[in-house]
Amino acid sequence: MKKRIYSVCIVAILCVFSLIINASRVSAADSANIVEMYVEDDNIILYVKGIDSEIQSVEGYIASESVENITYSKLSQANMPIRTLILIDTSLSIKEAEHEHFIKLLVNLIDKKTANESFAIASYGEKIDYKSDYNSDRWELVKSLDNIEYKKQKTYLIEILYNLINEFESSDEECFYRIIVFSDGADSNDTGVTINELYSLLQKSPYPIYAIGSEYNSNADKLKELFSISRITNANYSSFTSESNLDEVEKVIDPIDNYSRIEVTAPKELQDGSIKNIRLEIETLDGAYTLSGDVRMNMHINKSDDESIHIEDLIKDTEDVEDAQDDALGHASDDEIEKSEDITYAADNKKSKNPMFGDSKPVGLMDKLIAKIKDIPSIMYVFVALATIVLILIIIVLISSRNKNKKNNNNNNNNNNINHNMGVNPIMDSDNRTEMLVNPAEQKNTGTQYLFAPESKTRIKLKDLTNNQIFEKYLDSLITIGRLKEKNVIAITKESSVSGQHCKIYLQGSDVYIEDNNSSNHTYVGDTRIDKPTIIRTGDIITLGRIKLEVTIYN
């Protein structure tokens, strides 16, 4: 017993020491995030928000492989243009008392622009109306604000934002765009772009969209939809009235100095067309940050001396090559093909701003995989054999430990039977150590049958509003949520009020359902406790114990 206590003390001391060393890293990482990431030729470009102090060093890893060629700078110091579009709802639903108050806010923002930042002023109703082009002249920008006229009209913000994002994407110039919207909601044309289509586009191209919402008694639901657009793009938002404190509202708009640009050059051997995780270890004067995300690499193929590359074979392996490219490559002569010593595939050599699904096309992956297996040193087989032996020993120990605990388990069952006979209802939960927040109620098994579409492209993002974490999964299989890491797809391990297997989320037809799993502290959608399968939608808040998860569903 003394040896066991001594061992526990040593482990506890080591854990505390580790927490002290990493405290600055954890606290700093909570305030920073990657707002945009895309691949351009051999480089991965990342825009990071939330690093206030000067960056001292950056270490990068792609699929656990260390990367050496990394450049970084504050966005305000980068050699690239920054363009901020101010988009103003000029319908009569905006209160007249707010007009001049909002103009003062815009003048404050213009006065604080950086040297490489330009503004454009535009109003919108059914269409966008530019009052000024992008420029840095303060006098011209302020003068253009005098041309803002409010009138009776319909406003189609969703369709206008959708078209603007596509315009930004079509630009050949590397430029950081962001939008500041002043509106009383996010309306759409009944026959035009839907809010879900805009959500899907913003997931692929998350340009920051800051929302300033004109508030009145009956537009709470409209503002909720407007603010959800900002959340998807990692931007902030605020309600607005004629009495709003302008200094407080101005804090919602991140200064350009709050953004950093990081460029990582990917080694040729990692450019294989697959989705890889990139991790950055960032050291600053005030602390350390650890950021990560997934990106699809471009496809890079090196032509060896004894290998002949035929364009026709590459075209067969490429699924989405345009017809014009097919014709051009199909007429290439053998002599022209043999001159190609190094072929890099990236759609039109343009930047792909989709962090998960780039325009690169994987070619000949099976051949490359076989070649890599052949290159594995013999020592690796020794390691595999040793790992197998260790695994077998662990299984034997676990089985032995399980047999030793059978007697204790039988005793526990007897105690439960005694409690039942005495009228005590034991807590039925997947982990009996769950911290109770409310008295558990009896729940019945719904016997729900889960129907999943094969290779569903529908995804769900759950933002932990309590701990500022994001969980993102495809809905092509059952998603279980709980505290036990080994039993759940999404594990919330550090919250004792969440049950071992708390709830489950699944796709049935075109709807997404959530179902409580007889948890101790129950599952809530909004303020409603659920006791049967319940449909969830973008913007809903799910409560599990003390944890609140904000839902975003998109294709």
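I start with the cavities and then turn to the sheet.

This is a predicted model, where local features need pLDDT of at least 70, side-chain atom pairs count only at pLDDT 80 or more, and totals for chains, interfaces and linings use all residues. Residues are numbered from 1 along each chain as its sequence is written, and side-chain values use heavy atoms, with hydrogens and water left out.

There are 2 cavities of 30 Å³ or more. A cavity here is a set of points, on a 1 Å grid over the protein atoms alone, where a 1.4 Å probe fits but cannot get out; lining residues have an atom within 4 Å of a point. Points are joined across faces, edges and corners, and a volume is the space filled by probe spheres set on them.

The largest cavity has a volume of about 70 Å³. Its lining includes Arg231, Lys461 and Glu550. Domain 1 (30–299) and domain 2 (459–554) both contribute lining residues, so this cavity lies between them; the domain bounds come from an automatic or database domain assignment.

The second largest cavity holds about 30 Å³ of space. Among the residues lining it are Val39, Asp41 and Met297.

Strands (E, at least two residues) are DSSP runs, numbered from the N terminus, and two strands pair if DSSP finds at least two bridges between them. Strand 21 (residues 503–508) pairs with strand 22 (residues 511–516) in the antiparallel sense over 6 bridges. Opposite Lys504 is Glu515 in strand 22.

How values were computed. On a 1 Å grid over the protein atoms alone, a cavity is a set of points where a 1.4 Å probe fits but cannot get out, and a pocket is an open set with protein on both sides within 12 Å along at least five of seven lines; lining residues have an atom within 4 Å of a point. Helices (H or I, at least four residues) and strands (E, at least two) are DSSP runs, numbered from the N terminus.
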